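Student: Could we go through this one together? I'd like to ask things as they come up.

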Amino acid sequence: MANNDVGYFSFPDGRNYSVAVFITDFRGSDAEASAIIADISRSVFDRYVSLNQ
């Protein structure tokens, strides 16, 4: 089973980025995989924002 998601972020000042997360061979539930993807996305977003302040 694989769980995947892609996001595109656009900021008011014109900056933007994309993130793709692919999880394979995950033995947990879809809800658990979605939570992991959300955590990864949040971490990338927080890091991106902190580097571009």
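Student: Is Ala 31 buried, partly exposed or exposed, and why?

Tutor: Ala 31 counts as exposed because its relative accessibility is 59%, where exposed means over 50%, buried under 20% and partly exposed in between, with a 1.4 Å probe and protein chains only. This is a predicted model, in which local features need pLDDT of at least 70 and side-chain atom pairs count only at pLDDT 80 or more, while totals for chains, interfaces and linings use all residues. Residues are numbered from 1 along each chain as its sequence is written, and side-chain values use heavy atoms, with hydrogens and water left out.

Student: Okay, and which helix is Ala 31 in?

Tutor: Ala 31 lies in helix H1, residues 30-51; helices (H or I, at least four residues) and strands (E, at least two) are DSSP runs, numbered from the N terminus.

Student: Switching topic, which residues make up the largest nonpolar core?

Tutor: Seven residues form it, namely Phe 11, Tyr 17, Val 19, Val 21, Ile 23, Ile 37 and Tyr 48, and such a core is a set of buried Ala, Val, Leu, Ile, Met, Phe, Trp, Tyr and Cys residues joined through side-chain atoms within 4.5 Å. Strand S2 (16-24) and H1 each supply at least two residues of this core, and S2 gives the most, with four.

Student: What does Ile 23 touch?

Tutor: Leaving aside residues up to four places away in sequence, Ile 23 touches Met 1, Ala 2, Asn 3, Asn 4, Ala 33, Ile 36 and Ile 37, a contact being heavy atoms within 4.5 Å.

Student: And why does Ile 36 count as partly exposed?

Tutor: Ile 36, which is also in helix H1, counts as partly exposed because its relative accessibility is 32%.
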